[in-house]
Amino acid sequence: MIEGVKHIVAVASGKGGVGKSTVTVNLALAMAAEGYRVGLLDADIYGPSQAQMLGIAPGVRPQPAGENAFKPLEAHGLQAMSMAFMVDVDEPMVWRGPMVAGAFQQLLNQTAWKDLDYLFVDMPPGTGDVQLTLAQKVPVSGAVIVTTPQDIALLDAKKGIEMFRKVNVPVLGVVENMSQHVCSQCGHQEPIFGSGGGERIAEQYQTRLLGQLPLDGTIREQVDGGKPSVIADPEGNVAQTFRQVARSVAEGIDAQSDESPTISFGE
């Protein structure tokens, strides 16, 4: 187990561009709004975005906690850690896979998480080194898959589900993002990326469709401004959808056995 953390939830997509980080931060905030102690680990070493989404100013650095650890930064009631807190915002991470996996382990293990009920891990796109490191080294309670209804996104979401299943990490369900475009002028809804994709993939893999979120410019504006929807409009439809997803995630984890397996592929 990771010290100070009861449950770790991976949020993954299999591909970029589906709004996974936006879903992750809002889901973490929604879980906190449900009364739990929640942390957020930005595991996208190459392209960390959670600092901006949480409204943490560039250049703010975590304080040491003992000799080999750092205190997480706090924002909107969340404990947070990201590579963005360690380097300049414009500095590219020109690292090979093993270095990235090592950095992820350090961010996870050398952060002094304090009494967390849930730690949400915003996974990078794909099924590479960081994903395998998480599966091999960390007792993950479950994974949430983010997709859009588009067929191409669904193909990659399936790969993400298959990866977690191969390493015995329970897939708690699917969040379908950008389900409907909502016109800002008249409120008309249109399924620009198709419809029913999240439901089909949940059915195929015998998991749950946790929620459907609209393609709405306001959601993007809120995270860009450092106040995600759950904070900016807590009584709005989007925030309430995230609250329902958070409750479903908690229920799914409670339904799992108390001991989540740590998977090892050997040396």
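The sections below go from basis to sheet, helices and loop.

## Basis

This is a predicted model, in which local features need pLDDT of at least 70 and side-chain atom pairs count only at pLDDT 80 or more, while totals for chains, interfaces and linings use all residues. Numbering starts from 1 along each chain as its sequence is written, and side-chain values use heavy atoms, with hydrogens and water left out.

## Sheet

Eight strands form an open sheet with mixed pairing, in the order β3-β4-β2-β5-β1-β6-β7-β10. Strands (E, at least two residues) and helices (H or I, at least four) are DSSP runs numbered from the N terminus; two strands pair if DSSP finds at least two bridges between them. At the edges, β3 (73–75) and β10 (209–212) each pair on one side only. The twist from one strand to the next averages 25°, with angles running from 0 to 180 degrees between N-to-C directions of axes fitted to C-alpha atoms, for helices over the stretch in contact.

Strands β3 and β4 (residues 78–82) run antiparallel and are joined by three bridges. A75 has L78 in β4 as its bridge partner.

## Helices on the sheet

Helix α1 (residues 20–33) packs on the sheet and touches β1 (5–12), β2 (38–42), β4, β5 (116–122), β6 (142–147) and β7 (171–176); contact means heavy atoms within 4.5 Å. The direction of α1 makes about 175° with that of β5. Helix α9 (residues 237–255) lies across β1, β5, β6, β7 and β10, at about 170° to β10.

## Residue T111

T111 sits in the loop between α3 (97–109) and β5. T111 is buried, with a relative accessible area of 6% (buried: under 20%, 1.4 Å probe, protein chains only). Not counting residues up to four places away in sequence, T111 touches F70, P72, M81 and Q106. The T111 side chain reaches the backbone oxygen of L107 at 2.5 Å.

Terms used: Buried < 20%, exposed > 50% of the residue type's maximum accessible area, 1.4 Å probe, protein only. Polar contact = N/O pair within 3.5 Å; in protein donor to acceptor, adjacent residues only side chain to side chain.
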